[in-house]
Amino acid sequence: MNNTTGKWMRILSIFLTVLIISTGMAERLITVVAAEINTEGEPVSTMSTDVSPDTENVEIPAVEENVGSDIEEADSSSENESNSNKQPAEEEPSGEASTIPTETADIMESSEEVTSTEETISIEETESAFIEETETTESVSMETETEISVSENSIRVQKSALLTEKVQGEPCLEVILVKEDESNSISLVSSDENDVIAEDWAYDEIRTLKIQGDFTNTEGIKKIEIEMPAGMIFVKEGYTTEGTGIALCTYNSCSLPEGYESTSAGGILSYEIANSAEKVDIKISVQYDESLWNKQAGADITGDATAITVKMTAGDKEVIKVLNKVHTSTSDSGYEVAALEGTKPEVINPGEAPVMMGEHGITLHRKKNPDTTPNQYWKSFCLTQELPYRLDEQEAKVYAKYNGEEVQCIPEGGTVVYNEEQHTVSITWNNISFTNREPGINPGYIFSPTLFKEGDTVIYPQPEATAVDWNGNEIRIQADREADQFVLAQAGVFSLNENSKLTAAVYDSQNQSVSLRSGSDTVLAVSEEWGYSEFRTLRVDFDFTGTTGEKDIEVSIPIGLIYNTQSKGYPTEATDPERIASCTFIPRDYTEIENNNNKLKNKGGVLKYVLKQEKGSLEIAIGYDEQLWNKKPDESITGDTVKAVTVTSKCLNESCILDQIKSCKTDSDKNAKKNYYCYYNSEPNLAFAKPLEKEIYVGKHYVYSGRLHDLNATPNLFWKELRLIQEDPYIIVGEEKRYAEYVSFQNSASVSELTAGAKVVRDDTNHTTTLIYENAFFSYSQPFINGRYKFPSGQDAFSVGDIITYPKPKIWVQGLYGEKYEWTQNVAGDVTFTLGNTDAMVIDEKGVETYQNFPMKAYPGVTYPVAEFEVGNQGATDSGEKTVTYMIQGGQGLGVTTFRLVMPKKENCVLNNEDKIEVSYACMDENGNDVAYKGTAYLIPGAYDESGVILFRDATMTEKGYYFKTVKRS
């Protein structure tokens with residue numbers, strides 16, 4: 001072992017999995033693992049984990065909590081190979097270190113005590129691997145001991161396996177459904193088992209089916225079919241179409257409900273498997289159909305139909321796995337009810353002529369970005385409008401008359417029914433798809449002078465709806481909004497301002513409005529409580545009656561505000577040819593902001609309209625740019641001097657102004673998902689001991705910033721300027737700070753996605769290093785910093801045992817508008833570590849965070865993760881040679897079926913002439929007794945990662961019911 005290089009030891013760990021092959025496991029004590037470290041004559045430290053079940057359950061981690069990024073596969077009976085891992089998705093920082101699962105175990109029928117087995121690994125051959133920016137030199141040979149040199153840090157890898165006991169010659173199928181961030185997974189089961197339900201599935205969420213089929217020694221035609229009914233969707237280009245063992249992939253769509261059309265649907269995805277193939281891996285992205293879903297929390301997407309069926313066929317043999325149901329999110333559907341309103345008449349007078357009061361409607365749309373809501377399909381939808389009325393002296397309702405000859409259905413094609421007794425008008429559509437601005441109703445009413453007079457207050461209730469989804473479920477829909485009120489023969493809520501022919505207002509999703517001020521008014525118009533991803537509707541009312549010339553309207557918003565250009569969030573001559581002669585969009589100049597790696601999708605600018613109508617309105621979706629916003633709560637998005645929205649008309653010689661749009665306040669629970677926050681974290685080794693007289697990187701500070709409760713969805717953040725100030729590490733001597741010697745600085749400017757490097761300013765007087773970024777984009781996990789320092793020893797310097805403080809960085813930011821402010825002012829931090837001159841070996845069980853009671857009768861033939869361990873050095877110096885011994889105690893239903901052997905990448909391993917490593921093993925029977933059989937396997941290490949390889953039982957062990965006792969790397 002070369003201990004002079006200052007490199008890191010690889011972690012050795014054990015990942016245990018249990019295979020349930022019998023029942024009646026009550027009151028059995030499973031001793032999972034005992035582990036010890038021998039440190040060249042030093043006392044041995046031992047740690048064990050006992051899981052004591054009750055009479056029905058034994059505590060083991062649930063599969064759904066531990067399944068890793070890929071289903072691991074075994075090779076043929078003579079060889080075992082492992083797949084390379086994929087990089088896990090970024091998650092919200094937790095401060096917890098990852099760990100390495102490496103071994104699996106079976107629950108056997110025997111209830112007898114199994115003697116403990118002991119495995120150790122010895123270092124004989126030298127290998128080197130580049131890990132965590134340092135080089136590790138190791139000799140690895142699995143015999144009865146493992147001697148490993150460990151330096152200042154440990155490597156942590158997280159991986160789990162979902163495996164089954166394979167019967168020779170029988171097709172073997174394993175299917176799991178995994179969330180995008182792999183935080184949760186579900187195993188599909190045989191159709192005769194208890195229902196399996198995928199719950200809390202969000203409307204825009206895509207999950208992945210991971211399918212592993214083993215056709216080893218099977219005969220006949222080989223095929224895997226995935227079937228999903230209407231209501232579920234195969235994501236376009238989201239599934240495997242070719243790969244090892246796949247001969248042909250075909251797709252046939254399912255039948256869709258009458259009147260519904262979609263380019264994405266369920267159906268049958270069929271894979272023909274090559275005759276020579278033994279194992280295939282297939283990944284399929286699936287989601288449910290948001291248009292068919294009834295928008296209710298906890299809804300059952302497919303009703304009586306099975307949500308997902310996977311069938312594996314090998315000749316006349318088949319295996320079927322199913323996911324019975326898909327349920328939507330239970331706490332919050334992500335949708336809300338909103339009222340729809342069209343243009344209202346300016347004044348309504350009593351008379352016998354029918355009056356159409358403007359569209360009244362109701363819709364269900366996304367809470368976030370309502371304008372992105374897709375079309376909604378309903379088997380039946382009935383919109384009911386109560387007639388307008390006044391209240392007489394006895395508070396009885398006096399209704400206007402319904403004029404059946406004049407009623408507008410939006411969209412057309414509905415059946416109109418007037419209920420004279422209930423004083424309602426209903427429109428029913430069957431097998432209909434609505435857009436986000438539908439459905440609506442606009443009847444004609446007569447305010448007869450015999451019943452109404454000038455000055456009467458008229459109440460016009462909001463409509464209600466009864467809808468039936470494609471599965472036959474009926475729901476009632478009602479907008480949470482007060483009835484409209486107006487006064488006959490007076491300009492009321494429906495009219496333009498008395499002396500103005502151009503007015504505008506901004507409406508939120510609940511139709512609460514803020515009016516824009518006229519250009520001559522001095523009182524500021526401010527729209528508050530805007531969420532970072534929220535679009536609101538700017539409604540412009542106009543009246544060109546009596547004017548000459550071009551009927552023009554110009555809407556202008558600056559950089560920092562945006563139109564919903566991606567979803568055509570404004571009308572044009574193409575979408576509304578009857579009202580609009582032309583619409584021209586002139587975007588703002590973003591040259592100084594955008595770069596090749598960061599292109600902004602939606603932009604601000606000027607919309608220039610030429611209108612055909614003399615009188616009417618325009619509705620335009622606007623929001624603010626989350627990337628350019630300065631991330632401060634309750635602050636004007638465009639600062640104090642730049643107007644948020646300006647509407648002008650040269651023809652009318654009038655203008656309307658919205659001075660400010662303000663972000664949400666932080667003290668409102670309802671805005672918990674509309675705010676940003678800043679969070680500090682550091683890599684674990686920053687807190688480990690550091691050596692004297694050696695230049696070292698002490699460890700990384702991370703500053704995470706982004707969406708509260710939705711950090712992973714945070715887009716890249718733009719800062720006009722970002723200053724990161726890092727104070728040097730120090731110790732307090734008396735009342736003064738004694739600082740380490742500054743050497744250099746590693747920072748996130750070296751990360752490729754950052755297009756603007758940092759200017760580094762060193763201040764030796766104040767012992768600080770400042771990084772200055774200008775006009776730069778950062779991901780939510782940037783910037784990070786890692787200072788390189790030296791701690792000299794001596795009377796006026798540092799000594800062993802000194803406790804060093806490494807302050808958290810201070811970050812000052814400035815968005816496109818507004819002043820600089822300290823982004824990290826409310827963030828806790830400051831890490832301390834100790835100076836030392838020894839190693840500090842640790843072994844712990846951090847990887848096992850949760851055990852769950854698991855019924856022993858469930859899922860026979862399936863393996864489950866049980867325990868994870870890690871070994872590392874948290875000391876200041878490299879360790880000497882160590883012996884790490886793992887003991888697995890079988891018996892009473894526990895047997896080892898699978899190992900994960902952690903090792904470097906393939907290029908850094910000692911290989912045979914076939915580029916494989918050789919592993920030999922001894923076995924025991926189900927009672928823990930030694931057997932004569934011994935085996936050898938040849939494994940291929942990962943080419944791109946250091947997660948190791950999987951060793952499975954061979955065909956003889958499976959046939960005879962043997963289990964691993966010792967494993968030896970030759």
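Student: Which side chains meet in a salt bridge at 3.2 Å, N to O?
Tutor: Those of arginine 539 and aspartate 541. A salt bridge here is a side-chain nitrogen of Lys or Arg within 4 Å of a carboxyl oxygen of Asp or Glu. This is a predicted model, where local features need pLDDT of at least 70, side-chain atom pairs count only at pLDDT 80 or more, and totals for chains, interfaces and linings use all residues. Residues are numbered from 1 along each chain as its sequence is written, and side-chain values use heavy atoms, with hydrogens and water left out.

Student: Are arginine 539 and aspartate 541 buried or exposed?
Tutor: Both are buried. Buried means under 20% relative accessible area, exposed means over 50%, and partly exposed is in between, with a 1.4 Å probe and protein chains only.

Student: How many salt bridges does the structure hold?
Tutor: It holds 25. One of them joins glutamate 205 to arginine 207, with the closest N and O atoms 2.8 Å apart. Glutamate 205 is buried at 15% relative accessibility, and arginine 207 is buried at 2%.

Student: What does lysine 820 form a salt bridge with?
Tutor: Its partner is glutamate 721, and the closest N and O atoms are 3.7 Å apart. The pair links distant parts of the chain, 99 residues apart. Lysine 820 is in the loop between strand S61 (810-814) and strand S62 (821-822), while glutamate 721 is in strand S53 (residues 717-727). Strands are DSSP runs (E, at least two residues), numbered from the N terminus. Lysine 820 is partly exposed at 42% relative accessibility, whereas glutamate 721 is buried at 12%. Elsewhere, salt bridges that share partners join Arg390, Lys453 and Asp456 into one network.

Student: New topic, sheets. What is the order of the five strands in the open sheet?
Tutor: The order is S16-S17-S14-S19-S20, with antiparallel pairing. Two strands pair if DSSP finds at least two bridges between them.

Student: Why is one side of S16 and of S20 left without a neighbour in the sheet?
Tutor: Strand S16 (246-253) and strand S20 (317-323) stand at the edges, each with a single partner strand, so one side of each has no neighbour in the sheet. Neighbouring strands of this sheet are turned by 15° against each other on average, direction ignored. For that angle, axes are lines fitted to C-alpha atoms, and angles run from 0 to 180 degrees between N-to-C directions.

Student: How many bridges join S14 to S17?
Tutor: Seven bridges join strand S14 (residues 222-228) to strand S17 (residues 267-273), and the two run antiparallel. Lysine 222 stands opposite isoleucine 273 in S17.

Student: And which order does the open sheet of six strands have?
Tutor: S38-S47-S46-S41-S44-S43, with antiparallel pairing. Its edge strands are S38 (517-518) and S43 (580-587), each pairing on one side only. Within that order, five bridges join S46 (residues 645-649) to S47 (residues 654-658). Valine 645 has leucine 658 in S47 as its bridge partner.

Student: What about the nonpolar core, which members touch the most others?
Tutor: In the largest core, of 75 residues, they are Ile224, Ile226, Tyr271, Ile284, Ile308, Phe381 and Phe447. A nonpolar core is a set of buried Ala, Val, Leu, Ile, Met, Phe, Trp, Tyr and Cys residues joined through side-chain atoms within 4.5 Å. Another core, of 51 residues, lies apart from it and has Leu561, Leu722, Phe778 and Ile785 among its members.

Student: What does phenylalanine 381 touch?
Tutor: Not counting residues up to four places away in sequence, its contacts include Ile362, Trp429, Phe434, Pro439 and Ile477. Contact means heavy atoms within 4.5 Å.

Student: Where is the cis peptide bond?
Tutor: It runs from isoleucine 410 to proline 411, with omega near 5°. Proline 411 is in the loop between strand S28 (401-410) and strand S29 (415-419).

Student: Which residue has a positive phi of about 55°?
Tutor: Glutamate 237, although it is not a glycine. Most residues other than glycine have a negative phi, and most peptide bonds are trans. Glutamate 237 is in strand S15 (residues 232-239) and is exposed, with a relative accessible area of 82%. Asparagine 431 also has a positive phi, near 50°. Asparagine 431 lies in strand S30 (residues 424-434) and is partly exposed at 23%.

Student: Last one, how many disulfides does the structure hold?
Tutor: Zero, where a disulfide is a pair of cysteine sulfur atoms within 2.5 Å. Cysteine 172 is buried at 14% relative accessibility, and cysteine 409 is buried at 15%.

Terms used: Helix = DSSP H or I, 4+ residues; strand = E, 2+ residues; numbered from the N terminus.
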